[in-house]
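Please examine the sequence and the structure displayed here before reading on.

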Amino acid sequence: MNKLLLAALVTGALSAPAFAADYTIMAPAGPGGGWDQTARTMQEAMQAEGISGNVQVTNVPGAGGTIGLAQFATQENGNPNALIVGGYVMVGAILTNMSPVTLEDVTPIARLTGEAVALVVPAASDIQSVDDLVAKLKENPGAVAWAGGSAGGVDHITAGLIAKAVDVDPTQVNYIAYSGGGEALAAILGGQVTVGLSGVSEFASQIEAGELRLLAVSTDTRVPGFDAPTLMEEGVDVAVQNWRMVAAAPGLSDEQKAAITADVKAMAESATWQSALATRGWVDTYLDGDAFAAQLEADKSATEAILKDIGLVQ
Amino acid sequence: METFDLLAQGLLSALQVHNLIYALIGVTLGTAVGVLPGIGPALTVALLLPVTYKLDPAGSLIMFAGIYYGGMYGGSTTSILLNTPGESASIVTALEGNKMARQGRGGPALATAAIGSFVAGLLATLGLAFIAPFVVKFALSFGPWDYFALMVLAFVTVSAAFGDSALRGLTALFIGLGLGLIGIDLQTGQTRLAFNVMDLLDGIEVTTLAVALFAIGETLKTASDRDQANTEVTAVKGSVWMTLEDWKRSWASWLRGTFIGFPIGAMPAGGADVASFLSYSTEKTFSKKPEEFGNGAIEGVAGPEAANNASAAGTLVPLLTLGLPTTATAAIMLAGFQQFGLQPGPLLFANNAPLVWALIASLLVANFMLLVLNLPLIGLWVKLLTIPKHWLYAGILTFATLGTLGANGAMSMGFGPVRISFELVLLLAFGILGYLLRRFGYPIAPVVVGLILGPMAEQQLRRALAISQGEIGVLISSPISITLYVAAIIAVGVPLILRLRGQGGVLRQLATDED
């Protein structure tokens, strides 16, 4: 019976109309991933803080979030109670998948969290610094195997940007895609690849234990708690941040948009959310309104440019 | 000695009454969840995570453990009784288990699955406690070339193990391989064979295909076949419990299954399904009665079920020692651990020893609870088979549909205002494919095997060749890969030699005498 109840819960959440101020948050990914965890943490915070009485999370996995995004945009038009979690990965996925639905078709509300991409090598590697890596890359780009998440994602983009910044042809980057940070981590620890890219939190415990050497972080500022320079400091002109955001349905009035933004902001400032950030190792990069819109725009054009350079997008 | 002390302390805390109740709730929920195709353990743990925030660390770890092991076990019940695998790791169980159920031996099939899961869970959990650091070293040494060799071994042994006609087996396998190509390619991000259908971007869901081919296909076949529709299913023939003969045939299979499942589960790109395939073909090779395979051989249930559960414990090896979640369930459990300040990773055993041992003790308790819960239920479960056929199959159809909707309820297709679920359309289409395959005598399992292993093999091969920059020699450059290829050759060669020597004939003769 429990099974049926769960099934009813999941399917019901997709179709049942929500009550006023009862949000439905779509995680356009399977249970367990970063977006799912973001959505579920939001659910917890909104309920605990009394922002919304009843929050449902639904999972629509697939294709870097574009499947969920398409479904959200077509089915929730004008619904002020529907939210979707997304992030930088979506920006790239929309381009590589030639998704018919883009972020223009939803109402982005705010950026919630951000994370630097960490550039690591196994402890036994002869690469000691970004300079060493750049030298190797210039000597023979193919001989440097980069391990990271799926093709066209933020890890791949970072690899492409680094190559481009040091005048190596980005199409020559030998990028090996793994289906998640965990699998990539195993390949790096096993010494099967030269260098690894993933979110800093993914590598944190290995760096602490001395199994991995953190060469640099991808953001324009250093990451607290990690003794590593930024790529900029190392003379590689690259600054990338992987971020997660929340968006609302298309076709909302300005008042509705303002009301949702206020709710999300209250959630992001709440003690529940802040303490969840701390335990998960997420960094608060809350940004809304025009500033967020501008950042989104800048990221979109930069991403399109580098994906073209890498050759993933025509 | 210290290890034993810590484990004893963990067990003491896990054996408190309220913790036992959490364990019971966990395994009940987990089993229930494993039974319905579609709702996996990952979603259950995700849904229950907020509930466990209110419990103390030990309590919630115990509940996680219960759900986790329960989910792995639950899938076998529907596989055996209804030929409807709840998740990819119980597909193999359906092959022999359901045949046994139809011969009135559903009781022993369920019992060997339950006890095998217990034995495997017990041994693998002890393995997790004592040899995790060594296992993880072995698992990490697997490069893409080694994984590819492992896939080759799985392909070769599994295809050899299915059916009598190599041509039909291979045809079915290639249908699966073809289906496996659909979706976004991981290495390049480009879409293949999706024909602009959004729902196909992420490929074909294994459970949808498996449920359709097994359950829907068979329902159609039964409905279309007048003779079969009228035959009585023997609900129970002989004892509901395992006979001495069953025990004799099962115990070695449980151990072999555990031995295969634990290390493969620990591999970042392994998985319970691969382990269960390999176990099935191993059992067929080692069985004294290989001719019974395909007609309800108990070894074919005992081995894969043990492998499946051992692999679940194996998954926790990289999670606890490296902080590396290799399945969605593990990823959610990781989030659960973090809320107690438990940081999985190389320093975990040093920094959080009491909690880790509480978790390992919870796993042992949950495993035991699972046996306590399930053995008495067997008598009840087999009664399902006494349901008249038309009702039973109607139930199976409802069940399969609900499960598919539960996994992906998106009403993503539509004709005008009428919204329909693309996943259900797929389910029905594959159901018809399953009917046709059965109608013309093609085996079903290789299709599913192709869909599961094909994409894995492809990705690993391409990774290996990309890392070596196109140098093919990389594929046989490591001792592990060479060993695996040799094993593949032996796996194909030994049955051939046996058959040439005429032993197969003798065994077959013996089997007919027995009947």
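## Conventions

The structure is a predicted model, in which local features need pLDDT of at least 70 and side-chain atom pairs count only at pLDDT 80 or more, while totals for chains, interfaces and linings use all residues. Residues are numbered from 1 along each chain as its sequence is written, and chains are lettered from A and ligands numbered from 1 in the order in which they are written.

## Chain A

Chain A contains 11 helices and 11 strands; helices (H or I, at least four residues) and strands (E, at least two) are DSSP runs, numbered from the N terminus. The radius of gyration of chain A is 20 Å, close to the 20 Å that the globule rule gives for 314 residues, so chain A is as compact as a globular protein of that length. This radius is taken over C-alpha atoms, and the rule is 2.2 Å times the number of residues to the power 0.38. The C-alpha trace of chain A spans about 60 × 40 × 40 Å along its principal axes.

Of the 314 residues in chain A, 56% are buried. A residue is called buried if 20 or more other C-beta atoms lie within 10 Å of its own, exposed if 12 or fewer, and partly exposed in between, with C-beta atoms placed from the backbone. Two residues are in contact if their C-beta atoms, placed from the backbone, lie within 7 Å. Among contacts in chain A between residues at least 6 apart in sequence, 75% join residues at least 24 apart.

Chain A is divided into domain 1 (2-114 + 244-301) and domain 2 (117-217), with bounds that come from an automatic or database domain assignment. The centres of these two domains of chain A, taken over C-alpha atoms, are 30 Å apart. Their contact takes 6 residues from domain 1 of chain A and 6 residues from domain 2 of chain A. On the side of domain 1 of chain A that touches domain 2 of chain A, there are 3 nonpolar residues, 3 polar and no charged. In this classification, Ala, Val, Leu, Ile, Met, Phe, Trp, Tyr, Cys and Pro count as nonpolar, Asp, Glu, Lys and Arg as charged, and the others, Gly among them, as polar.

## Contact between the chains

Chain B gives 56 residues to its contact with chain A, and chain A gives 50 residues. Several elements of chain B give two or more residues to this side, including α2 (17-35), α14 (328-338) and α19 (445-467). The largest share of the side of chain B that touches chain A, 7 residues, comes from α3(B). By class, that side of chain B has 34 nonpolar, 19 polar and 3 charged residues.

## The nonpolar core

A nonpolar core is a set of buried Ala, Val, Leu, Ile, Met, Phe, Trp, Tyr and Cys residues joined through C-beta atoms within 7 Å. The largest one has 269 residues, of which A:Trp146 and B:Val448 touch the most other members. Helix α6 (residues 106-140) of chain B provides the largest share of this core, 18 residues. Domain 1 and domain 2 of chain A both give residues to this core, so the core lies between them. Not counting residues up to four places away in sequence, A:Trp146 touches several residues, among them A:Ala159, A:Val173, A:Tyr175 and A:Leu197.

## Selected features of chain B

B:Gly323, which follows α13(B), has a positive phi near 70°.

B:Leu193 is not a glycine, yet its phi is positive, about 50°. B:Phe195, also a residue other than glycine, has a positive phi near 50°. B:Leu193 is found in the loop between β2 (191-192) and α9 (206-224) of chain B, and B:Phe195 is found in the loop between β2 and α9 of chain B.

| Residue | Other C-beta atoms within 10 Å | Class |
|---|---|---|
| B:Leu193 | 13 C-beta neighbours inside 10 Å | partly exposed |
| B:Phe195 | 7 other C-beta atoms within 10 Å | exposed |
| B:Phe130 | 14 other C-beta atoms within 10 Å | partly exposed |
| B:Ser90 | 31 other C-beta atoms within 10 Å | buried |

B:Phe130 lies in helix α6 of chain B. Its C-alpha atom is 9.6 Å from that of B:Phe4, although B:Phe130 and B:Phe4 are 126 residues apart along the chain. B:Ser90 is found in the loop between α4 (57-82) and α5 (91-102) of chain B. Beyond residues up to four places away in sequence, B:Ser90 touches B:Gly75, B:Ser76, B:Ser79, B:Pro85 and B:Asn308.
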